[in-house]
Amino acid sequence: MPARTATAALAGLTLLLVGCYPVQPRAATPERPDVTTVSAEGTSVEDGGDLVMGLSADPDQLDPTTSSSLYTRYVMSSICEKLYDIDAEGELVPQLATALPELRDDGRTVRIPLRTGVEFADGTPFDAAAVRTSLERHLTKEDSARAAEMGPVKEVAMVDDRTVELRYDQPFGPITASLADRAGMIMSPTALEELGDDFGNAPVCVGPFRFVERVPATEIRVERDPRYYAADEVRLDSITYRIMTDANIRAANLRSGDVQVVDSVSPTSIESLLREPGIGLLQTGSLGYQGITFNVGNADGVGEPPGEVDSPLADDRRVRQAFELSLDRAALVNSVFDNWFQPACSPISPETSFATKASNACPPYDPERSLELLEEAGLETPVQLSMKVSNTPDTLRLAQAIQGSVAKGGFEIEIEPVEYTTLLDAQTRGDFQLLQLGWSGRIDPHGNMYSFLATGQSSNYSGYSDPTVDRLLKKAARQVGTAERAETYGEVVRLVHRDDPLIYLYRQRNLTAYSEDVVGVSTYADGVVRLSRAGFVEGDD
């Protein structure tokens, strides 16, 4: 349904949520140290077994080129290695490459050396030709979500069988960080030729595990790949990713021993869960954010030119500014999430070297000014809006808290809860007024900003378009120094606060609970739960 017809259709909606979650002032979030890995040191680890992970949402397509879900990255991390990865400290490290890229021609040429003696799960040799095929697919596939992440590539060239070069007209600083995520996942060219657009139904890559089967909305199974170049480091026979959208059910299955790892632990259940013997918690800060997207121009689907959206939010930025001034972030986030998450006002984590005074700035909570802005915009209050959210208990509590907070500023929100993949689809099609979702985050700001804010990009779900923002984002990608780039990204944040196509709300901690029967589980700042080196502790059957 095109967004321009969304307002009229709202009258017919039946699945709406009413009622507010009480928001109470809380103390500031305490300091919590990161715990990234369940160490295997001093432990005897069994060879074999099936590890079951309770997954909080059903991944979208298992295709590195087109997917947009964090949960897809969980599964793909086991079956589809990348040219680069990050380590527990958030530093870039080689994975299918053998070293960090060599920059030539003042950064216009990015030379990547590749591993040798490596095969894909179908026996196809891994070489420069295979890498070029994958990277060119990312750049040229019509529905690719990766093209913007790779920047304005002029050519993907093979220097020899084990060396690839990315060539640009101008330097593109974020490329190594991009290749440490889905843009760097290399797919079997044989499988790509056979499956084409259906690659995600039976993905074939280089990885410690290979895809076996997927039962939609139920589970995904992978098994150990004997062709893997480091097969001697893999302990498990298989991994089953079981879809469990309810955090309470995931916790119950962890307690019973039916699953060994669960992601996205609800902050409200952490204390009781950790009182259980034999259960541990990994926790890391996030590079990403959770936010509220306003549909200001996504009339014909994401990636299309901005169009007309029939909504007071789309027509007048004063209305969006009023909405943001109505949000008491600190009280809301601390109350809903028991002081586990941090309020956030920009896509740049304050913990990174790209943070500046501008990126850390936060609009105040000022419901009185909100009412004034709505009056200036000529709107009667309450302004009625609809917000789509996922149907998980934590998100519903957040939505109800938002509902209560913005009421003081002159807004009345109807909450429309939908299943996660349905929410992703609505976001893509522009079928929403407001929509609450987040982004798991990348180590370079380009990965958290360009696709979401530049005109016509693959993740610009709001349909936002501003020539100055476009120019600044491209400028930042060309700059070399971190301080210089940080300053430019700060300018972008100032403009985003002015226009408010997307309100940044909070930054969660990545919370992964595990049975102490297993070791080798890791969760880093990119939010991905890594199981490729996990194993069962010997004698803990």
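**Strands, a buried serine and a helix: the reasoning**

In this predicted model, strands β6 (residues 153-160) and β7 (residues 163-168) run antiparallel and are joined by six bridges.

Reader: What makes β6 and β7 a pair?
Author: Pairing takes at least two bridges. Six join β6 to β7, so the two strands count as paired.

Reader: Which residue of β7 does M158 face?
Author: M158 stands opposite V164.

Reader: Why is S269 called buried?
Author: Buried means under 20% relative accessible area. S269 has 11%, so the term applies.

Reader: Where does S269 sit in the chain?
Author: S269 lies in the loop between β11 (261-262) and α8 (270-274). From S269 to A247 is 22 residues in sequence and 8.5 Å in space, C-alpha to C-alpha.

Reader: How do you know that the span of α18 agrees with its number of residues?
Author: Helix α18 (residues 482-499) has 18 residues. At 1.5 Å a residue, they should span 26 Å. The end C-alpha atoms are 26 Å apart, so the two values agree.

Reader: Which residues of α18 are buried, and what covers them?
Author: Among the buried ones are R485, Y489, V493 and H497. D499 is buried too. The cover includes α10 (317-325), α12 (357-360), α16 (446-453), α17 (467-478) and β18 (502-507).

Reader: What follows α18?
Author: D500 does, and its phi is positive, near 50°.

How values were computed
Residues numbered from 1 in each chain as written. Predicted model: local features only at pLDDT ≥ 70, side-chain atom pairs only at ≥ 80, totals over all residues. Heavy atoms only, no water. Helix = DSSP H or I, 4+ residues; strand = E, 2+ residues; numbered from the N terminus. Buried < 20%, exposed > 50% of the residue type's maximum accessible area, 1.4 Å probe, protein only. Expected span 1.5 Å × (residues − 1). Contact = heavy atoms within 4.5 Å.
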